[in-house]
Amino acid sequence: MSETHEHPNYVKIWYWLLVLLAISVAGPMLEVPAITLITAFGIAIIKSFLVAANYMHLKFEKKIIWLLLILALCLLGVFFFGTAPDIMMTEGDQWIDCIADKSCIEQRL
Amino acid sequence: MSMRGPIATHRSATGIPTGRLAIWWLLASEVFIFGGLIACFVLFKLNGTPGFEDASLTSVTAGAINTFVLLTSSLSVVLAHAAIEKGDREKSFKYIWYTIGFGLVFLIIKTYEYTGKIIHGHTITDNLFWSFYYTMTGLHALHVIGGMVIMALISFDIRKGYNFQRVELIGIYWHFVDLVWIFLFPLFYIANF
């Protein structure tokens, strides 16, 4: 990197990542779905933040990179919420559950 | 730091070297590829689509070991970058090859997992869960292979004394590959309810 900045303590961050990995593996042992969700995906978000901020040096990057990534995530959100109703809403007169009645499989055959 | 090499690697029209900007641009597009697949997986899982209970058949141990391997490979590649910033070519070369080694270990474990699943009849056409599993982990593995090949090529340039800035660029890419796995691990191995 051409700009000068202090390097984070990479080994210390790696230790933290391993601690978080251990928690995410141990979480499901409690057999409580809500805790599993938090320890699995909540910790995945924290781990990804640690990697992006420190290893990818995102915390030292210029705003344009942040904007680029935020834009990508926003567009991903549009995709998710744009297609979610089509998959999640299974009520209504026009709805045919073709997976359950296997009609879409027959159509494909 | 050596500034020999293509102009795109050290030109800076936006205040960011063009090569680094290009890597971030690439990664923003990768967000759609993996993010789109993850979004589809989540939608089908939330909808209670049959087959997703097969997540209980994946090996948490193998997934956790692979997560450990990739996290460690991220450490080694960032240490390669830190070494080259200090002008230590040999140390950087060494760390790059450690990273390639970790990538290889990851692929061996993945191959072992694939083999076990296929032997038990869980192929890509078995049901929607396995379709997602093989598509996403397979695409991720291709990214790992691509990263390893590029790192090997860069390592020899480093030894010869040019294109040092590429260590950072491949590092950013490799960390992204690690990031993707950080999300694939809970998706396919942990959240099996």
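This is a predicted model: local features need pLDDT of at least 70, side-chain atom pairs count only at pLDDT 80 or more; totals for chains, interfaces and linings use all residues.
Reader: Is Leu76(A) buried, partly exposed or exposed?
Author: A residue needs 20 or more other C-beta atoms within 10 Å to be buried, and 12 or fewer to be exposed. Leu76(A) has 17 C-beta neighbours inside 10 Å, so its class is partly exposed.

Reader: Which residues does Leu76(A) touch, leaving aside those up to four places away in sequence?
Author: With those sequence neighbours set aside, the contacts of Leu76(A) are with residues of chain B. They are Val31(B), Phe32(B), Gly35(B) and Ala39(B).

Reader: How are the axes of α3(A) and α1(B) oriented to each other, roughly parallel or roughly antiparallel?
Author: Two packed helices are described by the angle between their axes and by the distance between those axes. The axes of α3(A) and α1(B) come within 9 Å and cross at roughly 25 degrees, and the crossing is right-handed. Angles under 35 degrees count as roughly parallel, and therefore α3(A) and α1(B) are roughly parallel.

Reader: How many nonpolar residues are in the contact of α3(A) with α1(B)?
Author: On the α3(A) side the contact includes Leu69(A), Leu73(A), Leu76(A) and Phe80(A), while on the α1(B) side it includes Trp25(B), Phe32(B) and Leu43(B). Among the residues of this contact there are no charged ones and three polar ones, and the number of nonpolar residues is 20.

Reader: Which helix supplies the largest share of the side of chain B that touches chain A?
Author: The contact between the chains takes 39 residues from chain A and 38 residues from chain B. On the chain B side, α1, α2 and α5 each supply at least two residues. The largest share is eleven residues, and it comes from α1(B).

Reader: What do the buried residues of α2(A) pack against?
Author: The buried residues of α2(A) include Thr36(A), Ile43(A), Val51(A) and Tyr55(A). Within chain A they pack against α1 (10–26), and in chain B their partners are α2 (60–85) and α5 (165–190).

Reader: How far apart are the end C-alpha atoms of helix α2 of chain A?
Author: Helix α2 of chain A covers residues 33–55, and at 1.5 Å a residue its 23 residues should span 33 Å.

Technical notes:
Residues are numbered from 1 along each chain as its sequence is written. Chains are lettered from A and ligands numbered from 1 in the order in which they are written. Helices (H or I, at least four residues) and strands (E, at least two) are DSSP runs, numbered from the N terminus. The expected span of a helix is 1.5 Å times one less than its number of residues. Two residues are in contact if their C-beta atoms, placed from the backbone, lie within 7 Å. Axes are lines fitted to C-alpha atoms, for helices over the stretch in contact, and angles run from 0 to 180 degrees between N-to-C directions. Angles under 35 degrees count as roughly parallel, over 145 as roughly antiparallel, 65 to 115 as roughly perpendicular and the rest as oblique. A crossing is left-handed if the near helix is turned anticlockwise from the far one by less than a right angle, and right-handed if clockwise. Ala, Val, Leu, Ile, Met, Phe, Trp, Tyr, Cys and Pro count as nonpolar, Asp, Glu, Lys and Arg as charged, and the others, Gly among them, as polar.
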